Amino acid sequence: MLKEILVQSVKKPVTNLFPAVRLPKSITGFLGDVANGKATITPPVAEPKAFRGKIVYDRAACNGCGLCLKVCPAHAIEQVVYPPVKISVTDAEGNVSEKTKTEKRIRIYVASCIFCGQCIDICSKDALSMSNEFLLATEDRFAESQIVE
């Protein structure tokens, strides 16, 4: 046992010195500095190929079909229906008419998401994708960074 203690005391650690070589006074403050570009994670952590990070939502591409809601096993996605808006439509003959348009979009709660990717697979409009962002920890599960709209 003494031999093992001596070997381990001079051996280089296998683990990544995360998030910094020296322990910062506040981890939350340090990660805030990383987000603002004032500090870097040492050593930089490379994401593996096909990494499933925070979901990115392309609102313009979404048609509000709701298929992603049905396949989400964590129920992290909800549909948001905005109040109807009257829009003016001009036909080929130049006649102007008013129609009512209801906009349906989704809201994703990142704190509830299990990053399975089923919503991305089912989306026919490619409105959902995954980014390489992985620093998602926060004290408030309803913070602006934890809700994708």
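Buried means under 20% relative accessible area, exposed means over 50%, and partly exposed covers the range in between, with a 1.4 Å probe and protein chains only. The legends below describe a predicted model, in which local features need pLDDT of at least 70, side-chain atom pairs count only at pLDDT 80 or more, and totals for chains, interfaces and linings use all residues. Residues are numbered from 1 along each chain as its sequence is written, and side-chain values use heavy atoms, with hydrogens and water left out.

**Figure 1. Overall view of the chain.** The chain has four helices and seven strands; helices (H or I, at least four residues) and strands (E, at least two) are DSSP runs numbered from the N terminus. From the N terminus on, the order of elements is α-α-β-α-β-β-β-β-α-β-β. The radius of gyration is 23 Å, whereas a compact globule of 149 residues would have one near 15 Å; the radius is taken over C-alpha atoms, and the globule rule is 2.2 Å times the number of residues to the power 0.38. Along the principal axes, the C-alpha atoms fill a box of roughly 90 × 30 × 25 Å. Of the 149 residues, 23% are buried. Contact means heavy atoms within 4.5 Å; among contacts between residues at least 6 apart in sequence, 64% join residues at least 24 apart. The chain exposes about 11,100 Å², of which carbon and sulfur atoms supply 56%, with accessible areas from the Shrake-Rupley method with a 1.4 Å probe and, for residues, only the protein chains shown counting as cover.

Figure 2. A salt bridge is a side-chain nitrogen of Lys or Arg within 4 Å of a carboxyl oxygen of Asp or Glu, and a search of the whole structure finds three. In one of them, the side chains of Arg-107 and Glu-78 meet at 2.8 Å, N to O. This pair links distant parts of the chain, with Arg-107 in strand E5 (residues 104-109) and Glu-78 in strand E2 (residues 77-81), 29 residues apart. Glu-78 is partly exposed, at 30% relative accessibility. Arg-107 also forms a salt bridge with Glu-149, where the closest N and O atoms are 2.9 Å apart. Here too the pair links distant parts of the chain: Glu-149 lies in the segment after E7, 42 residues from Arg-107 in strand E5. Glu-149 is partly exposed, with a relative accessible area of 44%. Shared partners join Glu-78, Arg-107 and Glu-149 into one network of salt bridges.

**Figure 3. The salt bridge between Glu-103 and Arg-105.** The closest N and O atoms of Glu-103 and Arg-105 are 3.2 Å apart. Glu-103 is partly exposed at 31% relative accessibility, whereas Arg-105 is buried, with a relative accessible area of 13%.

**Figure 4. Surroundings of Gln-146.** Gln-146 is in the loop between strand E6 (128-130) and strand E7 (147-148). Its relative accessible area is 4%, so Gln-146 counts as buried. A polar atom of the Gln-146 side chain lies 2.7 Å from the backbone oxygen of Leu-136. Beyond its neighbours within four places in sequence, Gln-146 is in contact with Ile-108, Tyr-109, Val-110, Ala-111, Leu-136, Thr-138, Asp-140 and Arg-141.

**Figure 5. The loop at Thr-102.** Thr-102 is found between strand E4 (96-101) and E5, and is partly exposed, with a relative accessible area of 40%. Thr-102 and Pro-83 are 19 residues apart in sequence, and their C-alpha atoms are 6.4 Å apart in space. Not counting residues up to four places away in sequence, Thr-102 touches Val-81, Tyr-82 and Pro-84.

**Figure 6. Two residues with positive phi.** Most residues other than glycine have a negative phi. Ala-50, which is not a glycine, has a positive phi of about 60 degrees. Ala-50 lies in the loop between helix H2 (27-36) and strand E1 (55-57) and is exposed, with a relative accessible area of 72%. Phe-115, also not a glycine, has a positive phi of about 55 degrees. Phe-115 is in the loop between E5 and helix H4 (118-122) and is partly exposed at 21% relative accessibility.

How values were computed:
A polar contact is a pair of N or O atoms within 3.5 Å; within protein, one must be able to donate a hydrogen and the other to accept it, and residues adjacent in sequence count only if both atoms are side-chain atoms.
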